[in-house]
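Me: I am new to this structure and would like to understand the terms used for it. Could you take me through them slowly?

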Amino acid sequence: MNWFTKTFSSTIGRKLIMSITGLFLCSFLVVHLVGNLTLFYQDGGDAFNTYSHFMANNPVIRTMEIVLVLGFLFHIYDAIVLTRRNKAARPVGYAENHPQENSNWSSRNMGLLGTIILIFLLVHLWNFFVPARFGELEGVPNKEYLNLYSEVAYAFKNPIYVALYVISMVALAFHLIHGFQSAFQSLGLTHRKYTPFIKTFGVAFSVLISLGFAIIPLYFFFFVNM
Amino acid sequence: MDLTLKIWRQKDKNSAGQLVTYPLKNISPDMSFLEMLDVLNEELLVAGQEPVAFDHDCREGICGMCSLFINGRAHGPERGTTTCQLHMRHFNHGDTITIEPWRAAAFPVHKDLIVDRSAFDRIQQAGGYVSVNTGGVPDANEIAIPKTIADKAFDAATCIGCGACVAACKNASAMLFVSAKVSQLAMLPQGKVEAKTRVENMVAQMDVEGFGACSNIGACAAECPVGISLDNIAMMNREYLGAKATSDNV
């Protein structure tokens with residue numbers, strides 16, 4: 001192995017990948033949420049459909065889509081490699097162990113939370129990304145775009161989907177509460193002036209982003225579809 | 001006080017072990033935890049049984065030899081305390097106390113509660129030192145070191161290498177130990193000379209030994225008997241990534 005592969009296959013190198021891809025995926029969440037907020041326009045889905053048409057056709061977005069997929073793949077791949085290594089580091093466990101005395105539940109269960117988010121992601125892509133991207137949607141009369149809005153409204157008539165989406169966003173919140181500040185620690189970006197801010201901001205960011213996403217299925221289920 | 005002890009007994013490295021229950025009566029609350037085990041061992045000897053093997057040396061919290069995972073916590077329930085400085089007054093009459101060895105692939109159990117911590121020695125040997133070539137003794141204050149830096153380096157240097165960080169970490173990661181050793185020297189002018197090679201070699205050795213990665217959960221720092229801070233891990237990450245990007249080692 002040369003120095004480059006040695007670096008990125010070391011434990012610290014893999015954590016570097018985890019933190020950079022994690023923060024990149026955080027930035028994606030912001031963009032995604034801002035776009036989704038067009039669902040709240042009271043215009044029968046016009047604003048949202050224009051937005052989704054733009055996202056499906058703009059060449060810059062389409063290129064970033066590849067980067068985004070790579071971000072997810074690296075994040076998931078390194079998570080699996082690290083988890084396997086970490087499990088192997090303690091083949092025999094303790095008969096009695098009280099980790100709650102020294103650490104948070106979410107920090108110890110990032111893999112479980114991540115798996116819930118991954119399952120959600122696959123369902124979510126199947127719900128909206130696949131029909132939007134591969135054209136199983138009906139066109140809107142006199143408009144150049146397809147009607148993804150009605151797909152959203154239809155999906156969130158189903159209480160199982162609503163529950164799955166909301167629970168997944170709770171998992172996302174806990175994943176980010178640990179992950180956001182943890183990424184800065186992994187990058188070595190700590191400072192007595194800025195770290196307290198990063199930690200507070202991370203919690204606020206995690207809660208607000210997840211809340212923003214979770215409101216959408218609830219809004220459709222309880223208000224739009226009533 | 002009367003206690004029930006559940007202690008991990010294992011004949012040697014290759015044998016399977018198990019928890020064995022021992023009742024123990026008339027323990028004084030003034031005893032240290034290790035003195036309580038001494039009492040148990042005397043009773044076992046009188047009864048013609050094999051005494052429980054456990055590591056200990058200075059019994060004043062500075063050597064790092066004592067270990068023990070007590071009731072699900074490294075060095076027992078008290079924070080900032082080694083097992084030898086833990087006293088029986090923190091337990092109650094009638095308690096059941098579970099005593100296990102550190103659990104990590106890199107710390108194989110030698111016998112009963114004794115684990116082999118030479119993985120730490122090999123990490124130290126990979127770079128946890130400053131090379132001093134022969135010559136005259138330099139003047140004590142020849143190299144100016146700011147007080148804040150000296151204090152931080154000293155805080156890192158208080159690591160006694162007991163391995164509680166590895167024992168407490170869900171990943172059995174040695175990051176807190178290695179980072180204390182790395183940053184202690186990286187902050188000081190004498191250590192900066194070899195800083196890049198040091199961090200590269202020590203992290204490489206840490207990975208070879210089979211310790212887990214850091215999940216930044218903070219259990220290590222919470223259970224560390226001498227209060228080594230997570231800041232050291234951040235510093236080591238910085239040092240390592242900087243070294244990998246800029247050192248001459250290809």
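Reply: Domain bounds come from an automatic or database domain assignment, and on that basis chain B is divided into domain 1 (3-110) and domain 2 (117-246). Taken over C-alpha atoms, the centres of domain 1 of chain B and domain 2 of chain B are 29 Å apart. This is a predicted model, in which local features need pLDDT of at least 70 and side-chain atom pairs count only at pLDDT 80 or more, while totals for chains, interfaces and linings use all residues. Residues are numbered from 1 along each chain as its sequence is written, and chains are lettered from A and ligands numbered from 1 in the order in which they are written.

Me: What makes residues of domain 1 of chain B count as in contact with residues of domain 2 of chain B, and how many are there?

Reply: Two residues are in contact if their C-beta atoms, placed from the backbone, lie within 7 Å, and by that rule 18 residues of domain 1 of chain B are in contact with 17 residues of domain 2 of chain B.

Me: Why is α6(A) called oblique to α8(A)?

Reply: The axes, which are lines fitted to C-alpha atoms over the stretch in contact, with angles running from 0 to 180 degrees between N-to-C directions, come within 9 Å and cross at roughly 140° for helix α6 (residues 110-133) of chain A and helix α8 (residues 159-186) of chain A. Angles under 35 degrees count as roughly parallel, over 145 as roughly antiparallel, 65 to 115 as roughly perpendicular and the rest as oblique, and therefore α6(A) is oblique to α8(A).

Me: Which residues of α6(A) and α8(A) make the contact?

Reply: Among them are A:F120 and A:V123 of α6(A) and A:L164 and A:F174 of α8(A).

Definitions and conventions. Helices (H or I, at least four residues) and strands (E, at least two) are DSSP runs, numbered from the N terminus.
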